[in-house]
Amino acid sequence: MSTATVEELTEATAPVRFWDRERRLGVALVALGVAAAAIFGTLAPGKTARFTLSQDATGAALSINGAFGAVLFGLVAVGAGAALLARVARRWQTTLLVIGILAFVLSFLCWQVAGKFMPLVDTANGTLQVALPLILGALAGVIGERSGVVNVAIEGQFLFGAFFAALIGTMATSVWAGLISAAVGGVIIAGMLAVMAIRFLVDQVVVGIVLNLFATGVTGFLYEGLMQTNQKAYNQPPALPTWSVPGLSSIPVIGPVLFNTNVLTWIALALVFIVHFGLTRTRWGLRTRAVGEHPTAADTVGIRVRGLRYMNVLIGGAIAGAGGAYFTLVATASFQKNMTSGAGFIALAALIFGRWTPFGALGAALFFGFAQKLATYLSAVGSPVPSQFLNMLPYLATIIAVAGLVGRVRAPAADGQPYVKS
Amino acid sequence: MTATEAPAPEKKEQPAKESFATVFVQNLWSANTVVVTILSIVLAMVIGAVLIVISDSDVLKTFGYFTSRPSDAITGSWNVISSAYGNLFKGAILDPAAVSAWMHGTGTWQGAFYSISETLTYAAPLVFTGLSVAVAFRGGLFNIGGQGQATIGCITAAVAGFASGLPIVLNLIFALLAGLIGGAIWGFVPGILKARTGAHEVIITIMLNYTALLFLTWVIGVGGVHDPKRSDAISKAVPTSGQLPSFGGSLRVNLGIVLAVLVTAAVAWLLKSSAFGFELRAVGANPAASRTAGISVAKTYTLLMVVAGGLAGLGGAAQVLGTAYTLTPAVAGNIGFNGLLVALLGRNKAWGTLFAALLYGALQAGGNRMQSYAGISLELVGVLQALIVIFVAAPALVKTIFHLRAARAARLGASMAKGW
Amino acid sequence: MGRRPRRQEIPLRLELRGITKRFGDLVANDHIDITVEPGEVHALLGENGAGKSTLMNQLYGMLQPDEGEIVVDGVPRVFRSPRDAIAAGIGMVHQHFMLVPVFTVAENIALGAERTRGGPLGVLDRRRARQEVIDVSQRYGLPVDPDEKVENLPVGAQQRVEIVKALTRDVDLLILDEPTAVLTPQETDELLAVMRGLAETGKSIVFITHKLREVKAIADRITVIRRGQTVVTTSPDTGEDELAALMVGRQVSLDVEKGPADPGRTVLTISGLIVDDDRGIRAVDGVDLEVRAGEVLGVAGVQGNGQTELVEAVMGLRPVLGGTVTIDNENLVGMSTKHILRSAVGYIPEDRSLDGVIREFTVAENLVLDMYDREPYGNGFRLNPDAIGAGARERVEQFDIRTGSADALVGTLSGGNQQKVVVAREMSRPLRLFIAAQPTRGVDVGSIEFIHNRIVRERDNGTAVLVVSSELDEVVGLADRIAVMYRGRVLAVVSPDTPREQIGLLMAGVTDAVPGAVPGAGHGVTSEEGQA
């Protein structure tokens with residue numbers, strides 16, 4: 001007869017697939033670790049690898065024997081991979097993955113740095129600086145895409161930002177004017193994107209790509225017309241000053257990197273927190289996320305979907321434009337044609353890799369920045385690997401990140417779909 | 001939410017037949033695709049004209065005192081614009097001076113046909129890269145990697161060309177095939193990644209573009225590829241047995257354009273009448289329904305990217321075997337990116353892409369002359385090319401600007417918006 | 001702002017006068033007149049495609065009428081957006097829920113009317129938002145958990161969230177669009193009780209449906225809409241047959257005509273099937289089923305109990321984690337969908353616009369979507385357009401597909417005709433097994449009759465037929481045997497003569513009173529429902 005107890009559905013046992021994603025990543029890590037220990041370990045000379053805390057070869061340093069270190073970190077990677085193979089709890093998966101990759105990189109470094117030195121401060125600083133435009137670009141993407149508008153035009157926004165920063169900065173002899181006009185430049189491209197995508201319902205990826213080509217053409221054209229012939233009048237912007245926070249800048253490693261740097265760095269880092277807070281804790285954030293996930297639902301409660309999307313795309317444009325200013329006000333002292341060479345797309349990859357969150361984007365941007373910095377370091381240090389392959393590192397890292405590590409990520413559900421009332 | 005339609009609406013009255021002239025005029029001023037394309041070009045050139053004026057500092061100065069003597073500014077602007085666009089036309093189609101010289105015996109026929117030859121020369125690789133993008137789009141994939149695929153195609157075609165030692169005709173075929181295969185491999189990577197991991201092909205292909213470029217600069221320096229008699233970054237040259245035959249002399253137009261037309265026909269047939277074409281169109285329109293009907297979406301995506309890569313690779317091959325003959329860091333030029341624009345302008349249709357490629361080839365050829373004779377930067381051509389596509393991709397925008405009536409039957413550039 | 005003064009329980013009198021809405025050539029609403037008295041439950045009855053949703057979208061400010069006016073308490077109002085409608089005291093619970101799946105209940109309810117802690121930043125006041133949800137939910141007897149993510153809630157709970165959402169906006173007229181489409185008979189009764197309760201507090205309810213049974217159970221007055229026009233406003237005493245005739249415009253037989261079944265060999269055998277859904281949660285939990293040639297096995301159950309995943313797994317569209325599926329003893333697990341279709345299996349997916357037809361393809365192309373690489377339509381390399389065209393014309397004729405020509409784009413067809421395209425495609429080849437999931441969802445009555453008849457005809461030809469439907473009437477009408485699914489298991493296989501209440505109980509998971517039900521798989525009446 002009837003049972004008086006709450007139903008208990010015992011799950012029928014199912015043979016679970018053996019090679020699921022976690023296991024496969026584990027195998028990959030083990031393989032990488034073994035390769036690292038074996039190859040890097042053998043190739044590494046038995047000399048000391050020094051990771052110095054100061055700018056030069058002397059002074060305090062973390063030292064480790066090159067061959068030993070390569071093998072050691074290789075084994076750490078193997079360990080992480082084995083743990084994944086053994087199917088640990090889900091919470092630890094990402095951490096183990098990060099540890100494994102970190103170990104592989106360290107193993108590689110032990111090989112490369114053996115007999116030489118690697119200035120940690122310089123490396124950290126370089127990483128953060130290279131990542132700077134990526135952070136800003138990715139944040140611009142986060143804001144836009146969380147509201148449902150795909151922004152492939154980050155590259156174009158960078159170019160416009162870089163160009164106008166140089167142009168106006170020179171003409172007004174003011175770096176601040178340059179910075180502001182960089183933001184304006186980004187807004188121009190963003191405005192075009194917004195109108196085409198939201199009002200005219202053009203495919204958003206297509207618009208983004210075409211806008212990039214447009215920006216390349218316009219900046220190239222104006223460069224040839226104005227700057228090439230008269231660098232002094234148009235293309236010698238002042239640089240962003242470096243400011244130092246007294247006290248904090250003396251902390252080893254972190255101090256000089258975070259507290260003795262240009263204002264754009266602080267703006268970028270602050271924005272990460274601000275955007276995060278905004279998205280999770282404010283009315284604007286709630287509405288933005290709603291519009292990106294289920295615009296019809298937002299519409300039915302009276303939210304102006306298109307207006308919000310416009311606003312967010314334009315704000316993103318300003319941020320990305322400011323990111324473009326990095327190239328001409330910080331990294332170099334003048335504008336060159338096509339100087340961004342794909343940074344905008346790497347920022348886009350950082351956005352995806354970071355799962356459309358501000359802190360994720362920060363992490364991903366730092367990762368890609370590190371890849372690039374590593375390439376520069378290795379080529380400076382005279383690595384046997386040809387420089388072109390080293391320069392491929394950031395791009396290959398992006399591919400692996402997007403294809404392999406990320407798994408099937410979920411974009412905001414309405415990302416890329418124009419909102420049409422029906 | 002749309003309301004499901006009520007069954008069988010009532011039949012409407014047939015309108016009285018209109019005269020041909022009325023229909024013609026009505027269609028002329030309606031927003032069908034031909035009209036939109038032409039108006040987009042016009043609009044782009046207007047903006048281009050503004051850029052020309054801005055970048056000429058002499059003319060800019062005359063605007064400084066526009067209120068007191070406007071005629072200076074106006075004539076100055078007119079001169080510089082007409083000089084620029086005049087040379088654009090002459091470089092692209094024909095130079096009346098050269099034609100009349102030929103008529104009168106003072107010039108050669110080669111001189112008269114020089115411009116057309118240049119146009120066709122530039123157009124040929126664009127047809128291939130454009131088709132690459134168009135075919136991928138029809139299958140629902142964004143192939144932004146045409147540049148990288150073409151670059152690899154350049155490399156494999158050139159190396160096959162100068163390393164094979166095959167005799168005439170065979171060498172050319174071998175090199176072309178090598179280019180096709182090289183591009184196909186470069187397209188296979190994003191295809192398989194998309195099929196297996198769902199990785200978005202936009203990012204992957206863009207990253208592969210930059211990787212291909214770096215690979216090119218490296219490969220040029222490799223022993224066996226690098227020209228031992230030169231110290232700069234240039235490879236050995238493809239011998240005549242591997243080159244696409246051309247008219248010779250100043251006329252650079254070569255067999256590449258003929259090949260392009262043939263491939264266009266093949267692609268058109270593929271899309272319309274082949275089983276694979278049916279599959280890729282189905283998957284492009286609705287992957288879920290295709291899957292339910294038994295079509296393997298993963299296999300289709302992979303094969304599609306291989307085909308698209310192969311087409312772009314063929315474009316690279318045409319470039320290097322038709323005009324460049326050697327590998328340099330800039331050998332692939334911009335043909336991949338321009339291929340994207342060409343496909344969009346051609347509405348992702350095979351023959352439309354061909355004509356769009358001809359237009360872009362014309363702009364390129366004309367742009368060269370515009371730069372040499374009128375001193376206008378070649379970048380303007382890039383701007384024009386992008387603007388045309390922007391306007392074409394948003395026919396609603398052009399409609400609004402020109403107050404066109406909505407076309408009755410035409411479906412305008414209705415691409416489905418996709419996200420990630 | 002025009003917001004109605006916030007006095008409790010002010011009854012709202014609503015009039016729609018001459019509302020007309022056109023979409024191009026199609027007149028969706030044609031001079032509609034309706035009055036809703038304060039505190040009444042007014043049902044809007046019409047078949048799929050009659051124009052009910054369009055009408056309500058205008059009432060809610062999502063669309064604007066081309067002609068006519070909306071009069072609230074004697075004052076004509078214009079609603080340019082849902083904000084205006086809400087301000088006038090009108091709320092709506094949509095048929096497809098307007099909830100953001102990844103948000104919590106509280107976030108969804110707060111959206112658009114967020115409580116903030118003041119200041120320009122608009123920082124959310126989460127505590128107040130939660131409290132408000134709890135208050136309203138308790139006041140009207142609609143239990144919801146403010147902190148749960150909507151995507152984790154069962155459908156009935158999601159609907160409660162929608163209602164609470166409307167009530168927190170202080171509405172006096174609530175529109176419910178096809179609310180019972182996704183509920184069990186028991187949940188439907190609960191909802192009807194809630195509606196009655198709300199009406200008694202003075203709220204007016206407009207309740208859109210095509211289900212005659214409910215309309216007679218709950219409505220104070222019924223307005224029948226057909227082809228965009230009001231036909232009549234009548235009382236619930238009107239007979240079901242008469243109401244059906246008013247809805248469709250002619251006499252309809254509500255029953256499916258069929259003779260007795262003559263079942264033969266067992267064609268499809270499903271044994272111990274285990275399948276997960278998209279989120280990795282167990283959806284099919286050890287199902288055993290058999291379908292014999294010449295019979296229709298109906299699978300009854302509310303949407304979301306594993307039927308979708310079951311059918312997809314059989315068709316190779318979803319991985320099978322355990323168990324076997326065989327057709328005439330040939331294994332189907334792990335085979336490609338193409339192979340399964342080629343094994344003389346026909347399949348109608350439950351969401352035709354998503355994965356049944358390709359709207360951008362022509363009717364002819366859709367008709368060969370699974371056969372384009374088979375003779376005579378093609379040889380695997382190229383297509384044979386003549387054969388495709390001829391085949392298409394023939395099938396358009398045979399299956400009464402109302403379209404201008406076989407080259408018309410399928411997207412231009414009505415829902416019912418699109419479904420007929422799918423049916424035509426699948427039934428035009430010899431079949432051993434025919435699987436139809438929700439075959440008449442969103443389809444007009446004429447097409448429903450047609451499709452039902454074809455299914456019976458297929459059965460009489462000796463095909464084994466499996467029909468999955470959440471419309472109990474359809475299952476009872478078509479099936480020779482009925483399997484009831486609940487939470488991934490088949491609780492019982494019963495005869496269609498079984499009293500409706502018993503089947504309803506099974507659908508809700510109650511196995512008590514039904515002989516032969518799987519013990520321990522459902523639960524008893526007296527137990528605590530693990531109510532969410």
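In this model, the axes of α2(B) and helix α4 (residues 70-92) of chain B come within 10 Å and cross at roughly 120°. That makes α2(B) oblique to α4(B), oblique being what is left once angles under 35 degrees (roughly parallel), over 145 (roughly antiparallel) and 65 to 115 (roughly perpendicular) are taken out. Axes here are lines fitted to C-alpha atoms, for helices over the stretch in contact, with angles from 0 to 180 degrees between N-to-C directions.

A quick word on the source: this is a predicted model, where local features need pLDDT of at least 70, side-chain atom pairs count only at pLDDT 80 or more, and totals for chains, interfaces and linings use all residues. Residues are numbered from 1 along each chain as its sequence is written, and chains are lettered from A in the order in which they are written.

Helices (H or I, at least four residues) and strands (E, at least two) are DSSP runs, numbered from the N terminus.

| Pair | Direction | Bridges | Residues facing each other |
|---|---|---|---|
| β1 (48-52) and β2 (61-65) of chain A | antiparallel | five | T48(A) and N65(A) |
| β1(A) and β3 (117-119) of chain A | parallel | three | R50(A) and F117(A) |

Now for where the chains meet: 44 residues of chain B are in contact with 48 residues of chain A, contact being C-beta atoms, placed from the backbone, within 7 Å. The largest share of chain B's side, 11 residues, comes from α9(B).

Key. Contact = placed C-beta atoms within 7 Å. Pairing = 2+ DSSP bridges.
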